[in-house]
Amino acid sequence: MENLNISDDLPQGGPSHPQAPAQLPPQMFTTAAQLLDLTDKKLMAVLRDGRKLIGVLRSWDQFANLVLQSTTERIFASKPGSDSNNPEGYYADIEHGIFLVRGENVLLLGEIDLDKDDNPPPGFEPAELELVKKLVEAKKTLEKVKEKKRLGKLATMGFEGENLGDVAF
């Protein structure tokens, strides 16, 4: 390395100085900064509790907390006896308006193709909200009964799981 003073002229044709590092492409960011490209676009957010929200992303912060405008919650219910490989069923929408979603609850976030937005999801048809809610509740009840049986069998084999017994106070 050369010993240069502040009054010295820059060397001509000497060793090259390191160039600034190349900029990373936008797809390399793994932070909330990636949401910049999705601002003011229609998105579907799938939450950790299974809810599916459709709305226009208006704002977000460093924690990926989202503000969705014109939000609707879409509820899906399978037809009784439908095949899990070829799901068929019903769906209904609940209007919510402006919706604030905490970033840690977002499981999946994707842009909606506006050309296909009005088409129903493949294998599903629109239905009354009450019918869809009733089918979803029936499925949850059936799954709870199956889970309770499964936990009971595991308990007889010596395994201890969560929510094995009902607590009465």
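A word on the ground rules. This is a predicted model, where local features need pLDDT of at least 70 and side-chain atom pairs count only at pLDDT 80 or more, while totals for chains, interfaces and linings use all residues. Residues are numbered from 1 along each chain as its sequence is written, and side-chain values use heavy atoms, with hydrogens and water left out.

Let's begin with the overall layout. The protein chain has 1 helix and 6 strands, taken as DSSP runs numbered from the N terminus: H or I of at least four residues for helices, E of at least two for strands. Starting at the N terminus, the order is β-β-β-β-β-β-α. Of the 169 residues, 21% are buried, meaning under 20% relative accessible area with a 1.4 Å probe and protein chains only; exposed is over 50%, and partly exposed is in between.

Now to Glu73, which sits in strand E3, residues 66-78. The Glu73 side chain does make a polar contact with the side chain of His96, at 2.9 Å. By polar contact I mean a pair of N or O atoms within 3.5 Å; within protein, one must be able to donate a hydrogen and the other to accept it, and residues adjacent in sequence count only if both atoms are side-chain atoms.

Staying in E3, look at Ser70. Ser70 has a positive phi of about 55 degrees although it is not a glycine. Why does Ser70 count as exposed? Because its relative accessibility is 52%. Ala64 also is not a glycine, and has a positive phi of about 65 degrees. You'll find Ala64 in the loop between strand E2 (52-60) and E3, and at 23% relative accessibility it counts as partly exposed.

Last stop: the largest pocket. Its lining has 25 residues, with Phe76, Ala77, Ser78, Val136 and Lys139 nearest the centre. Helix H1 (129-156) and E3 each supply at least two lining residues, and H1 gives the largest share, 7 residues. A pocket is an open set of points on a 1 Å grid over the protein atoms alone, where a 1.4 Å probe fits, with protein on both sides within 12 Å along at least five of seven lines; lining residues have an atom within 4 Å of a point.
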